[in-house]
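Here is a short tour of a two-chain model. Have the coordinates open as you read, and we will go from the overall build to the details.

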Amino acid sequence: MKPKVAFFDFAGCEGDQLQIANLEEELLTLLGQVEVVSFREVMKEHSDNYDIAFVEGSCTRLQDEDRLKQIRKNAKIVVAIGSCATIGGINSLKNYQDLDEVRKTVYGDKAYLFDTYAARPIDAIIPVDAYVHGCPIDREEFLSVIKSLLLGKKPDIPNYPVCVECKKNENVCAFERGQFCVGPVTRAGCNSCCVNEGTICWGCRGLVDNPNENSQKEVLIKYGLTVDEAIDKFKLYFGWQERKR
Amino acid sequence: MKDKPSFDVEVHHVTRVEGHGNIYVSVKNGTIERCEWAISEAPRFFEAMVIGRQWNELHHITSRTCGICSIGHTLASLKATEAAMGITIGEQDLKLRKLALHAENMQSHLLHLGFLVLPDLMDVGSIIPLASSHPKEVKTVLRLHRLANEMSNMICGRTTHPQRLLPGGFSKIPTMKELTALRDRLKAAIDDLQAVAELFRSRIHKFPDFIRETEFIALTNPKEYALYDGQIASTDTGTAPVNEYLLFTNEYIVPHSTAKWAKHARESYMVGALARFNINYDLLSPLAKKTAEMFKLKPICHNPFMNNIAQLVEVVHSVEDSIKLINELETAGLRSQPEYYKPEVKVKAGRGVGAVEVPRGILFHDYKYNEKGVCIKANCVIPTNQNHANIELDMKALLPKIIDKTPKEIELTLEMLVRAYDPCISCSTHAIKIHFT
């Protein structure tokens with residue numbers, strides 16, 4: 001019997017589920033291996049009977065926790081897909097601000113109607129079995145994770161910084177070009193895709209498990225940058241991870 | 001005499017749309033007691049998130065408002081920043097940006113038409129059963145979608161959340177060889193598009209013949225079918241500069257929606273492919289006009305279901321116009337630029353508004369920067385927000401006409417109405433209201 005899979009989304013841009021639609025021909029192959037029983041973005045049918053749940057988006061309000069817990073109860077395996085779900089993502093930028101003020105700025109005197117709390121990854125609420133990092137996720141990595149899960153193996157996710165891949169790609173270091181880059185502390189696996197396109201690493205895959213703070217400081221000193229500048233760049237994607245540290 | 005119907009329709013999270021929206025209908029003895037389009041998506045507070053961030057980060061952050069129209073958000077963001085600081089871009093970069101926008105419009109429209117709308121026309125719940133019942137048609141849609149994605153990738157460095165687009169230009173550009181290869185594939189895609197158009201024509205009777213007069217708003221430009229740039233145009237009140245967008249959008253809050261609603265000259269207005277088609281029909285490419293004729297689609301069309309067909313017409317236009325843009329780049333000779341290019345920008349204080357036609361309609365980004373280039377105020381008005389009121393009023397006008405159908409048929413028809421707008425609810429709950437003084 002084909003494993004039953006389901007897709008769910010919380011606060012996010014649905015760009016990760018889009019990458020699954022973007023598999024195109026490979027999606028047809030994948031559909032030969034699994035049975036999709038729930039995927040609101042592309043199908044009308046829905047069932048709560050599934051083996052693997054893929055969850056996109058952050059949890060940003062108390063009322064969404066129950067839905068997450070129910071998904072955990074129904075699924076044998078829960079996979080977080082995309083930065084918002086794996087690390088809190090860009091949503092956690094708002095965590096640095098007074099959330100009552102944020103609500104008032106947005107909804108004025110109707111703020112009481114709109115609940116919110118600090119944006120967080122889904123493993124802040126429920127145990128998560130596997131992660132597909134990135135903003136958005138990489139289609140190939142998604143396929144490789146799903147293959148591992150179907151074979152009963154633990155997906156192989158790099159735990160070294162983006163710099164390793166970036167060097168292999170022979171990019172000119174962003175710091176050498178006078179730009180600030182969070183590649184030295186960010187988890188690899190993206191093949192340094194943003195730097196390859198001429199920009200910087202923004203940190204969307206989150207911090208590696210043990211970021212080397214001393215070497216990051218050395219980089220800052222070497223290029224005449226301040227800790228404040230580093231912290232400011234960390235805020236883009238590491239909001240929740242930094243708070244936990 | 002027939003009994004007057006009593007029933008409830010509750011669609012908790014309409015499927016095959018982007019984001020979370022609900023339909024609530026309650027009919028007692030033939031009287032409509034409730035007919036509501038409600039948005040339950042978790043709000044995300046982007047306009048608060050960008051406060052305190054640098055001018056060269058805003059396009060990266062606001063791109064994340066929407067996975068499907070991330071190129072459009074990036075472009076609106078760049079245009080706002082560039083307007084605020086008086087940054088100009090060259091003719092070549094302008095053409096490349098237009099290609100990026102075409103790629104996204106094609107990708108988004110094809111995703112909507114093929115994955116989200118087609119199942120309704122074929123009486124199934126998703127594209128999955130169609131993959132085995134209609135493999136040829138599904139593969140044609142997938143092939144076109146792939147082409148649009150590869151085009152985004154070639155111009156922007158990624159299919160979603162572009163990397164190469166920067167204030168003042170591009171960090172990296174494609175080679176002429178890549179562009180001419182793309183042109184060959186675009187030319188070859190015209191037959192595939194013809195096949196998709198024939199498929200939709202054969203099922204067009206599935207769309208209700210429903211008319212409700214409304215106001216349409218889109219960018220307009222005397223030189224071209226406006227997507228990247230233009231003035232604001234309304235079918236009710238004429239044109240106005242982009243800086244006056246707040247006079248058009250007038251956002252307000254309703255309790256049953258985490259997204260804001262908008263109104264202008266009437267109780268509601270519509271933006272998107274049909275609005276653009278109605279306002280800028282004359283400037284469509286020849287094949288696009290032919291495609292419209294296949295469906296007897298003419299301006300001004302007040303049937304919201306025909307927004308689907310206007311999207312199809314626009315895909316054809318985007319293919320033809322992209323071929324034209326690549327020809328122009330070739331004739332002018334593509335100028336190369338240094339690797340890791342960082343356009344020179346003189347940072348200064350100011351306010352700027354950027355407007356772009358994205359797949360679902362007119363999008364505004366409005367930023368205010370201090371002298372250090374730090375964002376101190378931001379406002380984004382999203383196409384779907386501008387459509388919410390129109391969707392609900394359409395539902396209210398459509399329901400009495402179909403009230404004698406079964407609740408299941410009513411549910412499907414109302415869902416099809418919502419889908420016709422191709423709502424992007426994640427976008428529309430990005431949220432905020434800040435008024436500039």
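A residue counts as buried if 20 or more other C-beta atoms lie within 10 Å of its own. By that count, 48% of the 245 residues of chain A are buried. Keep in mind that this is a predicted model.

Let us stay with chain A for a moment. Its fold has 10 helices and 5 strands. The radius of gyration of chain A is 19 Å, close to the 18 Å that the globule rule gives for 245 residues, so the chain is as compact as a globular protein of that length. Along the principal axes, the C-alpha atoms of chain A fill a box of roughly 60 × 50 × 25 Å. Among the contacts in chain A with a separation of 6 or more, 72% join residues 24 or more positions apart.

Now to the place where the chains meet. Chain A brings 48 residues to the contact and chain B brings 51 residues. On the side of chain B that touches chain A, two or more residues come from each of α1, α2, α4, α5 and α6 of chain B. The most, 4 residues, come from α6(B). The make-up of this side of chain B is as follows:

| Class on the chain B side | Number |
|---|---|
| Nonpolar | 21 residues |
| Polar | 19 residues |

One more helix of chain B deserves a look. How far does α12 of chain B reach from its first C-alpha to its last? This helix, residues 383-402, spans 28 Å with its 20 residues, close to the 28 Å expected at 1.5 Å a residue. Even so, α12(B) has a kink of about 30°, centred on A389(B).

Conventions. Residues numbered from 1 in each chain as written. Chains lettered and ligands numbered in written order. Predicted model: local features only at pLDDT ≥ 70, side-chain atom pairs only at ≥ 80, totals over all residues. Contact = placed C-beta atoms within 7 Å. Nonpolar A, V, L, I, M, F, W, Y, C, P; charged D, E, K, R; others polar. Rg over C-alpha atoms; globule rule 2.2 N^0.38 Å. Buried ≥ 20, exposed ≤ 12 C-beta atoms within 10 Å, placed from the backbone. Expected span 1.5 Å × (residues − 1). Bend = angle between axes of the 7 residues up to and from the residue.
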